[in-house]
Amino acid sequence: MKFQPDSLPGTNTVSRHEPAAVWVNGTRWAHSVLVPWRGDVRPWPLDALAALSAHHFELVLALRPELVIFGSGPRLQFVSPALYRGLIEARVGIATMDTGAACRTYNVLASEGRAVVAALLLPAGP
């Protein structure tokens, strides 16, 4: 699925999403990824929801967002709030949705200049 706009100067944008990959600023990512509104996009060392731990959300918190959009994979799956307790304690908002919806929501919020991070879970490749 292709999204618009393709780029916003100085802001990371997700331009395309498929079940096992996303394109950020024209670069394909075939594993879980953290997409901050500005700065470097980075791999998120996670290949399955069952492997998610509090440490994964600590990596997100280190990016200093005001809001996190967690893409839980091809379908919406909620996780225990204990895993993202650090975000709650830091008063960072978090919304969970399937990864496609997370990409679209992230783009809207980033285009508004919000300090948002998309934490996108992508399944491990073969």
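View 1. Strand S2 and strand S3 (residues 27-29) run antiparallel and are joined by three bridges, where strands are DSSP runs of E with at least two residues, helices are runs of H or I with at least four, and both are numbered from the N terminus. The model is a predicted one, in which local features need pLDDT of at least 70 and side-chain atom pairs count only at pLDDT 80 or more, while totals for chains, interfaces and linings use all residues. Residues are numbered from 1 along each chain as its sequence is written, and side-chain values use heavy atoms, with hydrogens and water left out. Across this pairing Trp23 faces Arg28 in S3, and the hairpin has two residues between its strands, with Asn25 in the turn showing a positive phi of about 55 degrees. On its other pairing, S2 meets strand S1 (residues 14-18) in the antiparallel sense over four bridges, two strands being counted as paired if DSSP finds at least two bridges between them. S1 and S2 also form a hairpin with two residues between them, and Val14 stands opposite Val24 in S2.

**View 2. The two faces of strand S2.** In a regular strand the side chains alternate between the two faces of the sheet. In S2 (residues 21-24), Ala21 and Trp23 lie on one side and Val22 and Val24 on the other, and all of them are buried; buried means under 20% relative accessible area, exposed over 50%, and partly exposed in between, with a 1.4 Å probe and protein chains only.

**View 3. The five-stranded open sheet.** This sheet has the strand order S5-S4-S8-S6-S7, with mixed pairing. Strand S5 (42-43) and strand S7 (93-97) stand at the edges with a single partner strand each, so one side of each is left without a neighbour in the sheet. Strand S6 (residues 67-71) and strand S8 (residues 116-120) run parallel and are joined by five bridges, among which Phe70 has Ala119 in S8 as its bridge partner.

View 4. Phe57 belongs to helix H1 (residues 54-61) and counts as buried, with 2% relative accessibility. When its neighbours within four places in sequence are left aside, Phe57 is in contact with Leu52, Phe70, Val79, Leu83, Tyr84, Leu87 and Ile94, contact meaning heavy atoms within 4.5 Å.

**View 5. Two arginines with positive phi.** Arg64 is placed in the loop between H1 and S6, and its phi is near 60 degrees, a positive value in a residue other than glycine. Arg64 is exposed, with a relative accessible area of 71%. Arg91 lies in the loop between helix H2 (85-89) and S7, and has a positive phi of about 60 degrees although it is not a glycine. Arg91 is exposed as well, its relative accessible area being 76%.

**View 6. The whole chain, for orientation.** The protein chain has three helices and eight strands, which follow the pattern β-β-β-β-β-α-β-α-β-α-β along the sequence. Its radius of gyration is 13 Å, close to the 14 Å that the globule rule gives for 126 residues, so the chain is as compact as a globular protein of that length; the radius is taken over C-alpha atoms, and the rule is 2.2 Å times the number of residues to the power 0.38. Of the 126 residues, 46% count as buried.
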